[in-house]
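Trainee: I would like to learn how to read strand pairing and helix packing. Can we work through one model?

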Amino acid sequence: MSNDLSFTLICKNNQLVILDCLSKDEGAGRRLDEDINDFSRTVGRTGYCRRYVVGNRITLVAALKAIEQDCKTGTLFPALHFECHGDEERGLWLARSGEYISWFDLAKLIAPVNAATRNNTAVVLASCHGFKLKNEVSIKAPSPFHFLIAPDQEINAGAISDSVLPFYKVMIETGELNIALSHLDSKFRKFMAGEWFYTNITHFLTNSFNAKARAKMVEQAIDVAAAKQGFKNREQLRAYRAHAKKGLSNTSNLYKTVEKSFLHGQGKVPYEDIKRFVDYLKSIR
């Protein structure tokens, strides 16, 4: 019997959406749109790419809302490509308005799109420090994207433009992400939310899921419930605490609930496989 934990992550994609946050004088977004559409026509995927010009925060919000609505029809599974500049601390820069969108706010704006696609939204940030967006992923909330590809440091515009088009050409023709990644500049990195989730949940169940952790989670659940619905008296509070304790005593239900929430219902690993892997990790500590 293998002691490994294996799973397959699949991200559907049928359109590249460019969110062009550059200035009027910078034509990288427009050129990428033209080049991708020219190439996609040659392989029979006409209309694969579309582009939104982002003038300010309002137009960015409007564009993502429009994309979300299209996704809700069940026919659009986008890769969101942000053609932009980025700052490690301040986030995404909208060149036309001079505004910054914090990495936290950007994750919040993208999350509804991923929810509408049931975790089939990819994000590519063609900006300096775009990989910082991964820090906004939390096991306590649904994942804002299926995977993220972005530079983890400063990178010049030439390095981005020289590698992004070959990357997308391979993706359009083959759908092979790992092969396509070899065409990107070495400063680009990949973050898979599902891989991150299973790594962290097994670490938590192996090392931290004890009586103290359960008690803390009960209190956190009570705080969330109180904020949403309030408790009019001690009896209601006592009843909810008992309910929360019972729920957390069942590790299987806890795991399934968290997995379903984080992956938008797209669970890939049965609890029995997780338990077997966690038991193995505990045995070799």
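Mentor: Start with a hairpin: three residues link S4 to S5. Helices (H or I, at least four residues) and strands (E, at least two) are DSSP runs, numbered from the N terminus. Two strands pair if DSSP finds at least two bridges between them. This is a predicted model, where local features need pLDDT of at least 70, side-chain atom pairs count only at pLDDT 80 or more, and totals for chains, interfaces and linings use all residues. Residues are numbered from 1 along each chain as its sequence is written, and side-chain values use heavy atoms, with hydrogens and water left out.

Trainee: In which sense do S4 and S5 pair, and over how many bridges?

Mentor: Strand S4 (residues 85-87) and strand S5 (residues 91-94) are antiparallel, with three bridges. Gly86 sits opposite Leu92 in S5. Asp87 has Gly91 of S5 as its bridge partner.

Trainee: What joins S5 to S6?

Mentor: Three bridges, with S5 and strand S6 (residues 99-101) running antiparallel. Trp93 faces Tyr100 of S6 across the pair. Four residues lie between the strands of this hairpin, and Gly98 takes a positive phi near 75°.

Trainee: What is the strand order of that sheet?

Mentor: The order is S4-S5-S6, in an open sheet of three strands with antiparallel pairing. S4 and S6 are the edges, each pairing on one side only. On average, neighbouring strands are turned by 35° against each other, direction ignored. Angles run from 0 to 180 degrees between N-to-C directions, and axes are lines fitted to C-alpha atoms, for helices over the stretch in contact.

Trainee: Which way do side chains point from a strand?

Mentor: In a regular strand they alternate between the two faces of the sheet.

Trainee: Which helix lies across S4, S5 and S6?

Mentor: H3 does, running at about 65° to S6. Contact here means heavy atoms within 4.5 Å.

Trainee: Which strands make up the six-stranded sheet?

Mentor: The order is S2-S1-S3-S7-S8-S9, in an open sheet with mixed pairing. From one strand to the next, the twist averages 15°. Strand S1 (residues 15-20) runs parallel to S2, joined by five bridges. Asp20 has Val53 of S2 as its bridge partner. H3 packs on this sheet too, touching strand S3 (78-83) and strand S7 (122-126), and its direction makes about 155° with that of S3.

Trainee: At what angle do H2 and H3 pack?

Mentor: Read the angle and the axis distance together. Helix H2 (residues 57-71) and helix H3 (residues 103-116) pack at about 15°, their axes 7 Å apart. H2 is therefore roughly parallel to H3. Angles under 35 degrees count as roughly parallel, over 145 as roughly antiparallel, 65 to 115 as roughly perpendicular and the rest as oblique. The H2 and H3 crossing is right-handed. A crossing is right-handed if the near helix is turned clockwise from the far one by less than a right angle, and left-handed if anticlockwise. Among the residues in contact are Leu60 and Leu64 of H2 and Leu109 and Val113 of H3. By class, the contact of H2 with H3 has nine nonpolar, no polar and three charged residues. Ala, Val, Leu, Ile, Met, Phe, Trp, Tyr, Cys and Pro count as nonpolar, Asp, Glu, Lys and Arg as charged, and the others, Gly among them, as polar.

Trainee: How far apart are the axes of H1 and H4?

Mentor: They are 11 Å apart, and helix H1 (residues 28-42) packs on helix H4 (residues 157-174) at about 30°. H1 is therefore roughly parallel to H4. Their crossing is right-handed. The contact includes Leu32 and Phe39 of H1 and Tyr168 and Ile172 of H4. Its residues divide into seven nonpolar, no polar and three charged.

Trainee: Are H6 and H9 roughly parallel or antiparallel?

Mentor: H6 and H9 are roughly antiparallel. The axes of H6 and helix H9 (residues 251-262) cross at roughly 160° and come within 11 Å.

Trainee: How many aromatic pairs are there in the whole structure?

Mentor: A search finds nine. Rings of Phe, Tyr and Trp (its six-membered ring) pair if their centres lie within 6.5 Å; planes under 30 degrees apart count as stacked, over 60 as edge-to-face and the rest as tilted. The rings of Phe7 and Tyr198 have centres 4.7 Å apart and planes at 50°, so this pair is tilted. Phe7 lies in the segment before S1 and Tyr198 in helix H6 (residues 193-207), so the pair ties together parts 191 residues apart in sequence.
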